[in-house]
Amino acid sequence: MRQDLSLAISLAIVLAILSLCAALSAKLVAAPGEQITSFSADIVVNPDATLTVTEDFVVHSEGSYFKYGFIRNLPIDDEARWDERYAGPWKADNGIRVKILEITENGASLSYQQGSGFGYPQLRIGPLNVPLKRGDHHYVIRYTVHGVLDLGSARDTLYWNAIGHYWTLPIGVARVTVHLPARVAAEEVAAEPHVGGRGVSNNRGAPEAIAEASDDGSTRVAYTATGLRPTQNLSVVVSWPSGVVKKPSFGIWNRDKLYLAAPVALCLYYLLAWLTVGRPPKPGTIVVRYEPPPGVSPAAARYLVTTGSDGRTLAAVVAALAARNCVRVEPHDGMYRLTRLASNPSEESKLAPEETYALNYLFEEGPITEISPSMTQENSARNSRYVANIQQDLTERFGGIYFTRHSGYVAIGVLATFVVAFSLAATAQGRDTGAVLFMTAWILFCALTLGAIIEVGLLPAWKAVLRGTAGWIKMLPGTAAAGVFVFFFGLLLVKLAQGVSPAFALMVTSLVLVNLIWAPFLKRMTPEGRATLDALEGFRQFLVSVERDRLHRLNASSTEPAAELEYLPYAIALEVREAWGDHLAGAFFATTIQR
């Protein structure tokens with residue numbers, strides 16, 4: 001027992017020693033003589049409220065402190081901007097963004113990697129994980145900064161910690177210079193330097209910041225401090241009257257407002273496509289007709305009116321088969337039982353092609369089929385397959401005769417959307433751009449797909465609910481599922497806004513919406529389709545004014561349909577209210593609408 005205890009204690013001691021050694025080896029320790037020999041920050045306040053910062057400094061390395069390569073943490077996070085009097089309460093993301101313009105060492109350009117997320121201010125310059133060579137290294141880092149200035153109603157204020165606090169090295173000479181716009185008078189400028197560690201009172205042993213006079217007539221503020229100890233920094237607060245620096249007109253959108261040009265250009269493309277396609281034929285004079293247009297079956301009538309197929313289309317096909325004595329339809333325990341009757345060649349020869357196909361696939365598993373209004377996945381999938389088969393046949397026969405979709409224009413628009421979005425995502429600069437390409441691709445593909453489903457399926461179904469031809473209860477599962485996806489897209493867009501910019505997230509959203517909104521407007525009715533649609537409207541008026549009462553009286557929802565009423569399928573397809581057809585259409589309501 002004692003031996004086991006001794007062994008455990010020994011292992012614990014060894015692990016503690018190893019952990020301590022690892023911590024000491026990971027800690028950045030400066031060798032004697034390692035220092036920042038000189039550091040100069042030159043800051044230009046631009047009239048558009050941005051800053052142009054040039055850092056010029058010399059590092060003397062002994063190969064110890066920068067053993068993982070040279071790292072510069074830009075002073076833009078709230079750890080460096082610690083003074084809440086000027087920077088406000090601490091935030092994980094204060095909204096400040098930078099764009100690196102140039103990085104050189106001894107006059108030669110250098111490669112670099114910028115961090116993301118909480119590591120966004122970090123620049124890893126030159127080779128990674130390679131100790132900085134012994135000797136002096138002269139670096140120049142030039143970058144623009146957005147979101148630093150506090151633009152008040154009376155005075156504007158710049159708070160800038162030139163060095164930051166991440167380097168634990170002594171600094172020989174530190175200098176900060178702020179250049180203000182020419183319209184700012186020198187006597188209207190107020191400036192206050194701070195030398196020391198973080199904290200208003202943490203300046204014990206800190207050198208004094210010495211102001212430098214301007215000898216070139218420009219409005220500038222400059223301070224120099226010598227002999228800064230490790231973790232000490234030089235910061236400055238400068239204020240001047242408001243009105244010289246222009247407050248960004250687009251607010252948080254200002255930095256990347258050019259992103260918004262992409263959806264505007266796409267919208268212009270669709271407008272030109274719409275003008276090229278031309279206006280659709282105008283409706284003609286509606287004349288009451290006592291029979292449907294020749295060659296137009298009930299399913300084709302529904303296809304022409306809605307440009308697609310849905311549960312009501314399938315109900316019209318079933319009613320047509322019953323009217324031709326090909327099937328018997330019986331209500332049974334809240335369902336409909338379809339029984340295939342003996343073959344009658346003379347009646348079957350009068351069926352439309354989609355009705356003939358339906359007669360085969362409805363009874364592919366036997367002579368009796370039960371149709372249920374259940375919204376189970378199996379039932380909905382089966383009914384949706386029936387509708388898809390009808391849609392495919394109608395599209396092959398009438399797709400280019402009644403109307404044209406001009407899908408080529410839409411395909412070009414969608415392709416341009418992906419190309420532009422990917423190009424901008426690949427060059428995006430922001431706080432966290434590591435996954436921007438993947439997120440952009442995922443959002444575009446899934447949002448366009450879901451949007452198309454909502455556009456051709458969910459919205460028409462809700463329109464049927466509002467017209468009173470369907471119940472809203474069956475809409476809840478599909479609407480809830482779409483809502484969950486939309487909520488998830490919203491979360492991803494928030495991540496894009498935080499990682500890149502709000503303008504980028506708005507651009508992606510707008511590109512999706514422009515495609516979805518414009519695509520239906522490019523669909524055009526042909527002159528033949530317009531004439532047939534006018535004839536169908538005339539026939540519908542006849543059904544509404546003359547036949548509806550008789551249809552409703554002879555076809556209660558709880559009985560078999562009167563087979564001699566050959567216009568019942570058209571009444572269902574054209575949404576003429578009558579009990580049996582409305583009930584049967586309701587049984588198919590939870591199907592996938594095809595467009």
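**Notebook: salt bridges, a sheet and a helix**

I began with Arg-385, which is partly exposed at a relative accessible area of 35%. This is a predicted model. I looked up the partner of Arg-385 and found a salt bridge with Glu-364, the closest N and O atoms being 3.0 Å apart. Glu-364 lies in the loop between helix H7 and strand E18, and Arg-385 in helix H8, so the pair ties together parts that are 21 residues apart in sequence. Glu-364 is partly exposed too, at 46%.

I then checked the total, which comes to twelve salt bridges. One of them joins Asp-93 and Arg-97, with 3.0 Å between the closest N and O atoms. Is Arg-97 buried or exposed? I found Arg-97 buried, with a relative accessible area of 6%. Asp-93 is partly exposed at 28%.

Next I took Glu-212 and Arg-175, whose side chains meet at 2.7 Å, N to O. Glu-212 sits in strand E13 and Arg-175 in strand E11, 37 residues apart.

I traced eight strands in the order E5-E4-E8-E2-E1-E11-E14-E13, open and with mixed pairing. E5 and E13 stand at the edges with a single partner strand each, so one side of each has no neighbour in the sheet. I followed E1 along E11 and found parallel pairing over eight bridges. Ile-36 stands opposite Ile-171 there.

Last, I looked at helix H9, residues 407–426, which reaches 28 Å. Its buried residues include Val-410, Phe-418 and Ala-425. The buried residues fall within an arc of 135°, so they line one face of H9. The face turned away carries exposed Leu-415 and Ala-426.

Definitions and conventions
Residues are numbered from 1 along each chain as its sequence is written. This is a predicted model: local features need pLDDT of at least 70, side-chain atom pairs count only at pLDDT 80 or more; totals for chains, interfaces and linings use all residues. Side-chain values use heavy atoms; hydrogens and water are left out. Helices (H or I, at least four residues) and strands (E, at least two) are DSSP runs, numbered from the N terminus. The expected span of a helix is 1.5 Å times one less than its number of residues. Buried means under 20% relative accessible area, exposed over 50%, partly exposed in between (1.4 Å probe, protein chains only). The arc is that of the directions from the helix axis to the C-beta atoms. Two strands pair if DSSP finds at least two bridges between them. A salt bridge is a side-chain nitrogen of Lys or Arg within 4 Å of a carboxyl oxygen of Asp or Glu.
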